[in-house]
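Student: Could you take me closely through the salt bridges of this predicted model, with attention to where the paired side chains sit and how exposed they are?

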Amino acid sequence: LDALFSASVLKSGWLPTEAVLGSLLPILKARKVLAKSAQVSTDANARKVASEKKTLTDRLSSLIKDKLSKYRCTGEDVDLELVLKASSDLYDETMHSLNSAQCSCCSLALVTLVRCIPDVEDCEDVKKIYSDAVSNWSTQKSTKIHSLFFGDLIQRMPSLASCILIEPLTEATRNGISPYIKCESIKLLSAIYKHDVSSEEEHFSVAAKKSQANSFSKVVAVLNDSLSDSSLSKAKHRDEALQGCKTVLNYVKAHHPLTSEELTSLETNLKEILTTMKGGGMKQLVLKLIDTVKGLPRVDGQEAKQKAPKSTKERKKRKKNSKK
């Protein structure tokens, strides 16, 4: 398998796209079976067999992460139906992941499939897969999905992640089943907004920039609410919310103003938190955030609406009217 899926073979185009993409699920299933059977035993022979199986499991993990995940479709005749079916089947496999290592392999395999879909940011099937995944992860105690499932997409396809993850992650931040889930959702939202859209033009589509811009008020609102969320009152949880505020406020500062009401509410919550702090680095961060909020330009609700990015249809209509 290492030779079959080597970088030179994958780049040569010798293997049909269907063969490469169709191999992902069987490899993942084989990896899971090996990992499950590689149990530690007190018997010497059994330990030796388990060790060999673990070695094979690690090699299959490496095959997915270091080779197959780097595959890129080159032809224009991609069988969309095949890719969507494979994506759906792979998501089902993710829902039955053995552990975080298996989930990571599934995640990278799914990203590999998704890359092959033309105009993927407009694909409702892909959006549904990731929205359902966020919902399952954030509301089910028995979920087999891990936060790295979303982190991989944010890291490898930041433009797509901006289009399809902001809304469900905002909901997860507000209504996650546990403080851990809420904090992880904040981390993931921060990772999305950390990408500098002005310096990464080649990675960000117009749709991705628009999604970030259209969602930032809701994201700020949910982060503001998290500062006063009683379930996040522990220092480690509150610190995650503060770090999230820092990231999103940097985005706001660079790209879009907030209303006076939004900024005043945020400043009030930050000052309330400040009264509970004795000192240290996080207190300095809160003081810095308060200064940042005070220095941000403020607009009223109507101005904010006017500054919101227009859709393509609205821009065309406006241009047509201006010519008249």
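Tutor: Lys271 is partly exposed in this predicted model, with a relative accessibility of 39%, and its salt-bridge partner is Glu267, the closest N and O atoms of the two being 3.0 Å apart. Glu267, by contrast, counts as buried at 11% relative accessibility, which is below the 20% under which a residue is called buried. Both residues belong to helix H13 (residues 260-274), and because they are four residues apart there, about one helical turn separates them.

Glu93 is buried, its relative accessible area being 5%, whereas Lys29 is partly exposed at 41% relative accessibility. The two residues also belong to a network of salt bridges that links Lys29, Lys32 and Glu93.

A further salt bridge, at 3.7 Å from N to O, is formed by the side chains of Glu240 and Lys187. Here Glu240 lies in helix H12 (residues 235-255) and Lys187 in helix H10 (residues 179-194), so that the pair ties together parts 53 residues apart in sequence. Glu240 is partly exposed, with a relative accessible area of 23%, and Lys187 is likewise partly exposed, with 39%. The pairs described here are among the twelve salt bridges that a search of the whole structure finds.

Methods
Residues numbered from 1 in each chain as written. Predicted model: local features only at pLDDT ≥ 70, side-chain atom pairs only at ≥ 80, totals over all residues. Heavy atoms only, no water. Salt bridge = Lys/Arg side-chain N within 4 Å of Asp/Glu carboxyl O. Buried < 20%, exposed > 50% of the residue type's maximum accessible area, 1.4 Å probe, protein only. Helix = DSSP H or I, 4+ residues; strand = E, 2+ residues; numbered from the N terminus.
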